[in-house]
Amino acid sequence: MTHAFLLLSVLFLVPGAVIWRARPDLRPLMRRMAVVSLPFAATERLFYPRYWTPKFLFDLADHIGFGVEDVLFLVGLSAFSSTAYAVVFRRAPVPCAGPRARPWLRAAAGVALALLAAGALLAAGVPVLYASAAAMVAIAAALVVARPDLLVPGLLGALLSAALYLCLFLVFAALVPGVFERTWRPSVLLPGRTLLGVPLDEILYGLGAGFAATVFPAWAFGFRFEEAPRVGRPRGGAPRGTG
């Protein structure tokens, strides 16, 4: 298949679309995370062709360093990785008490720190996928120090996101047999290691993304996770999502 990455990106949009439909209270969080994820599309130039060699629509990666596929992939990944914990454990984002100072400035600062951390690890010789995952985990872990209540949601969100990430890649591999052998380059740290045929590198990336995407928006936009109201429960006094 010529545009396998486009197919993968569309597959990654499916869980978020289901969550968007089923949990309207999580839509503000998903919108915010879609915006936050966009700067990371420009990091494709670090992955291509060093880590993999997919075909991009209009050969955009060769011209501007990233493609439409990167945007779709990141929007999909941010949607399900930021909400997996809330969906599975029936939690809703509820504003924390007290004033929230400049949440988008906090979000921008967090993104900049993650990019700088990844750049520093790359400069130290760490392979790009591990540098990206380690940077996400490191920044999120630092935020957990300030917000200990996010440790358990972050860890559970990481495991759930990695599991869903694996499932999506298994569907992808079934639709495009042999795609990993043709498109992915051998890992430097984990050469040839796979989980059910999926490169273990990718699962580690999904784990890091889930941890960061669960912790980071709660810190940046000032909310905590509380039990979500069940269907049929009177709405008076029920937790409300962030608007």
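The model is predicted.

With that numbering, proline 49 sits in the loop between α3, residues 44–47, and α4, residues 60–64. Most peptide bonds are trans, and most residues other than glycine have a negative phi.

That second point brings up two more residues. Phenylalanine 58, also in the loop between α3 and α4, has a positive phi, near 60 degrees, and is not a glycine. Is phenylalanine 58 buried or exposed? Exposed, at a relative accessible area of 66%. The other residue is arginine 90, whose phi is positive at about 50 degrees. Arginine 90 belongs to the loop between α5, residues 68–88, and β1, residues 91–95. Its relative accessible area is 27%, so arginine 90 counts as partly exposed.

Now the whole chain. There are 10 helices and four strands. Read from the N terminus, the order is α-α-α-α-α-β-α-α-α-α-β-β-α-β. The radius of gyration is 18 Å, close to the 18 Å from the globule rule for 243 residues, so the protein is as compact as a globular protein of that length. The C-alpha trace spans about 55 × 40 × 30 Å along the principal axes.

On contacts: taking those with a separation of 6 or more, 80% are between residues 24 or more positions apart.

Next, the interior. Of the 243 residues, 48% are buried. In soluble globular proteins, nonpolar side chains tend to be buried together. The largest nonpolar core here holds 61 residues, and Phe12, Phe169 and Phe172 touch the most other members. Helix α10, residues 200–221, gives the most to this core, with 12 residues.

What does phenylalanine 172 touch, leaving aside residues up to four places away in sequence? On one stretch of the chain, Ala4, Leu7, Leu8 and Leu11 are among them. Val179, Phe180 and Trp184 are also touched by phenylalanine 172.

Last, the surface and the charges. The protein exposes about 11,700 Å², and 69% of that comes from carbon and sulfur atoms. There are 22 positive and 12 negative side chains, and the centres of the two sets are 12 Å apart.

That is what I have.

Conventions:
Residues are numbered from 1 along each chain as its sequence is written. This is a predicted model: local features need pLDDT of at least 70, side-chain atom pairs count only at pLDDT 80 or more; totals for chains, interfaces and linings use all residues. Side-chain values use heavy atoms; hydrogens and water are left out. Helices (H or I, at least four residues) and strands (E, at least two) are DSSP runs, numbered from the N terminus. The radius of gyration is taken over C-alpha atoms; the globule rule is 2.2 Å times the number of residues to the power 0.38. Buried means under 20% relative accessible area, exposed over 50%, partly exposed in between (1.4 Å probe, protein chains only). Contact means heavy atoms within 4.5 Å. Accessible areas come from the Shrake-Rupley method with a 1.4 Å probe; for residues, only the protein chains shown count as cover. Lys and Arg count as positive and Asp and Glu as negative; His and the chain ends are not counted. The place of a charge is taken as NZ of Lys, CZ of Arg, CG of Asp or CD of Glu. A nonpolar core is a set of buried Ala, Val, Leu, Ile, Met, Phe, Trp, Tyr and Cys residues joined through side-chain atoms within 4.5 Å.
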